[in-house]
Every structure is written in C-alpha cells, then in structure tokens.
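Dear colleague,

I am passing on the structure below, and I would be grateful if you could look through it before reading my notes. What I found follows directly after it.

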Amino acid sequence: MTGLLAIVAYYAVWFDLIKKDINIDFLKKSSLYGLLLFLLSWLSGGYYYALYYGNVVKPIIKIGPYPWAHTIFMEFKEHIFLFIPFLALVVTLCFFLLENNIKGNKEIKQSITYLSAIIVFLSTIITFSGIIISGAVR
Amino acid sequence: MNKNLKLTNALISGAIVTIIFVVIITIFADLYLPLKDLLKQYFWHHWVAKGILSVIIFLFSACVKYTFSKETLEKELSTGLNSLTLISICSTIILLMFFFYETFY
C-alpha cells in the first residue's frame, strides 16, 4: 500500500514537471512524501520478505506450476526495489537544493522529468511483478 | 562556488555507484554461492545485506565525490541526471535478462 502511494506521489511529480509553469512547493512536498513512503515500503516489504516470504510463500511457489514467478519476477522485483529509494532521494533533494536552477534551466528540468518517469515506471513494474507472484501462490 | 550544485552532483554519483554495485553483487552472489552465504552470515539475510551495503556505498561514494570534486556546472548536473536515468534502465534490463537466463538455461 505504501509503495502504491509512493507511485502516486511520483506520478504527480512527473506530471507537474511536464507543465510549463512548475509548482516547486508542490514538487517538494510530493517528492518528499513519495520518498518517505518508499522508505517505509523498503522497511515493511523487507520485513515481510526476509521473515515471512522465504519460509512460507517461496516454497509454495517453487513446488507449484509457476516456479518462474519466484525465480524471475520475485528476484527481479526485490533487487530493483533496492535502488528506487536512491533515485527518489536524488529527485527530492534536487527540488530542495536546486529550486532556482530547475526554474531557470530547461535541461535540468527535463533531466529530472526523465528520472521521475523512470521511478514511476520501475515502481509500476514492481507492482505488476507482485501481482504475478501473488497469482502464482493461489 | 555553488555548494548545492556540488552536493547534488555528489549524490547523483553516489546513486550511480550504488546501482552498479547492486547489479554486480546480485549477479555475482547468485553465480558464486559462498558470497551469498557470506552475506547471510554477516547480515542475517542476503537482501538485508545488500540493502545495508547499498546505503554504506551510497554515503561513501557521495562523500568521496563531494570531497574531491571541484566546482560543478549546471551542464554537468544535467549530464549526471541523464546518466543516472540511463544506468537505471540498463541495470533493470540486465537484471531481468540475468534472471530469465538463470531460470531457463
């Protein structure tokens, strides 16, 4: 749930950056909420994965008809998930440290737009991987 | 000198190094199981180990970059952000291909 809310926050950041006139206060708040939610997701998801998934869920998937749900999608998801908070941290700090540069430099604004889009894209892939993994357990 | 530009550039470099580290340690630990066991031994779980090491590497590389880099220009910052985006995409593709390969071959 926290991961989904973080995606919403970065989706909002991405779409505000596409606009001609950006709202820097909104971008600061939305990116910061997104970052905090990603970190919360890191902790809660990590706790679930390390304590519960490996012992209970993984054995069920591995003996079931879709073992690739773990060997491809879970492995992929858990490692992509490791670098998303660092991307979110960079985007958030850009808004706090480079307010004037973002407003005055189109190239920097465009680069942050791309990075925000990648955060949304990767997080969405992680969410869909989660759906595949859940489906494989049933 | 604009310290904010320099700090942001250092954080971007830290993130780039961290992502490359995650890809390398993930592939290497899967191919060489004693490394995975070593990570488990010291940090309880290999994923927790990778998470903790990622934070340490991010902070370390950002500090090194901040300490040793000279003035940062806006152009460099834009290039750094684009590099970070590109490396994220490439890392995602490499990891996905690796897990596909490991599963089916």
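Side chains of opposite charge can pair when their charged atoms come close.

Please keep in mind that this is a predicted model, in which local features need pLDDT of at least 70 and side-chain atom pairs count only at pLDDT 80 or more, while totals for chains, interfaces and linings use all residues. Residues are numbered from 1 along each chain as its sequence is written, chains are lettered from A and ligands numbered from 1 in the order in which they are written, and side-chain values use heavy atoms, with hydrogens and water left out.

Chain A has five helices and zero strands (DSSP runs numbered from the N terminus, helices being H or I of at least four residues and strands E of at least two), and its C-alpha atoms fill a box of roughly 55 × 20 × 20 Å along the principal axes.

Turning to the interface, 34 residues of chain A are in contact with 40 residues of chain B, contact meaning heavy atoms within 4.5 Å. The area buried between chain A and chain B is about 3400 Å², with carbon and sulfur atoms giving 77% of it; this is the accessible area (1.4 Å probe) that two parts lose on being put together, summed over both.

On the side of chain A that touches chain B, the elements giving two or more residues are α2 (24–63), α3 (68–97) and α5 (106–137) of chain A, and the largest share, 18 residues, comes from α3(A).

The axes of α2(A) and helix α3 (residues 46–68) of chain B come within 9 Å and cross at roughly 150° (lines fitted to C-alpha atoms, for helices over the stretch in contact, with angles from 0 to 180 degrees between N-to-C directions). That makes α2(A) roughly antiparallel to α3(B), a term for angles over 145 degrees.

With best wishes

Technical notes:
Parallel < 35°, antiparallel > 145°, perpendicular 65-115°, else oblique.
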